[in-house]
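Please keep the sequence and the structure in view while reading.

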Amino acid sequence: MIPMPSLWAKGRAGSIALITLALLGQAVAAGAAAFATRDLFGSLAGSEPPQATAIVLIAISGIVIALCRVGARILGEKMGQSYAMDIRTALYCHASRMPRQAAVTRRAGAVSLRFVGDLTALRSWASLGLPQLLAAVVLVPATLAVLVLIDPAFGQAIVPLVAAAIMIMAVLGRGLGVVNHDLRRARGRIAADLSERMPNAPFLFAAGRLGKELSVLEKRTRALIAVSMRRVRKAETVRAIPEILAGLAAAMVIWIGFRDELTTGAVAGALAALGLGLQPLRGLALVWNRHSAWRAAREKVVVALSRPISAEGQRTRFK
């Protein structure tokens, strides 16, 4: 049996560490921008000349955030492609060591789905899902810390809202695992049927089976559409939670500023921090969907790699 390639192998753990450093850079820049915004609006509210230092700091923070995001995205894509390449190699090497009859009888559509559809889900988790999870873990607490430093009242109001939003997203996201399994199965059926029937389409037409074949295709397609719509509804419902949170949090900041008679700078700084910090929470809404798709694809790849191999293949070591 060829083992499932590890996500942490071949330097990918180092890539994850670099992505984390880039996210920490974003957190520092976002915090600096929030405090600079507070000071700048404070001076404007007091009819004082705008502070050049605050303006420059906001501009530099934007550049740093952009560079860190680009760097994290490039590292994530490189990690995902490396992970997909290892899995692709493992699948091919395993298939080459299977008994010839077993390899021949494998449905072409199922094999194609394994090398295309499953690898897409696995790569997507490594290149997008895991970095989005890290971004939420690093940037959301950093945003909450900035809000507390600007004024503890902001933290007391926003922290429970963020915690409730994450809990709701976790509960709603649990159902995505089953839906992704069903979606993968429906796609596999259509891929296998089409790959087997397309070469024989002229013969099936001559045999008068066109209507029956189209009926089967329509039935499978309708089943795929139904599962796909279920997944979209669940995924978009999870993604809607951060948008609701953004509106509630902004309204709460403004109301607290009015209630406690806080300065305009404090309110502006808190709103700036929210604007920068809620973006990773929006990414977190996609993590559940990517992780459930990754888990469904991983299970199928593990099953494929555990299929029996020939006696000749057992004598060949996989590197």
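The points below concern a predicted model and are grouped by topic.

**Packing of helices H8 and H9**

- Two packed helices are described by the angle between their axes and by the distance between those axes.
- Helix H8 covers residues 210-259 and helix H9 covers residues 264-305; their axes lie 10 Å apart, at an angle of about 165 degrees.
- Angles over 145 degrees count as roughly antiparallel, and H8 and H9 are therefore roughly antiparallel to each other.
- The crossing of these two helices, H8 and H9, is right-handed.
- The contact of H8 with H9 comprises 17 nonpolar, two polar and four charged residues.

**The largest cavity**

- Across the whole structure, a search finds two cavities of 30 Å³ or more.
- The largest cavity has a volume of about 120 Å³.
- It is lined by 14 residues, of which Gln26, Ala30, Leu139, Thr143 and Leu276 are the closest to its centre.
- Helices H1 (12-45), H2 (52-96), H4 (108-150) and H9 each give two or more residues to this lining, and the largest share, five residues, comes from H1.
- By class, the lining of the largest cavity has nine nonpolar, four polar and one charged residues.

**The second largest cavity**

- The second largest cavity has a volume of about 50 Å³.
- Its lining includes Val140, Thr143, Ile158 and Leu281.
- H4, H5 (152-173) and H9 each contribute two or more residues to the lining of this cavity, with H9 giving the most, four residues.

How values were computed:
Residues are numbered from 1 along each chain as its sequence is written. This is a predicted model: local features need pLDDT of at least 70, side-chain atom pairs count only at pLDDT 80 or more; totals for chains, interfaces and linings use all residues. Side-chain values use heavy atoms; hydrogens and water are left out. Axes are lines fitted to C-alpha atoms, for helices over the stretch in contact, and angles run from 0 to 180 degrees between N-to-C directions. Angles under 35 degrees count as roughly parallel, over 145 as roughly antiparallel, 65 to 115 as roughly perpendicular and the rest as oblique. A crossing is left-handed if the near helix is turned anticlockwise from the far one by less than a right angle, and right-handed if clockwise. Ala, Val, Leu, Ile, Met, Phe, Trp, Tyr, Cys and Pro count as nonpolar, Asp, Glu, Lys and Arg as charged, and the others, Gly among them, as polar. On a 1 Å grid over the protein atoms alone, a cavity is a set of points where a 1.4 Å probe fits but cannot get out, and a pocket is an open set with protein on both sides within 12 Å along at least five of seven lines; lining residues have an atom within 4 Å of a point. Grid points are joined across faces, edges and corners, and a volume is the space filled by probe spheres set on the points.
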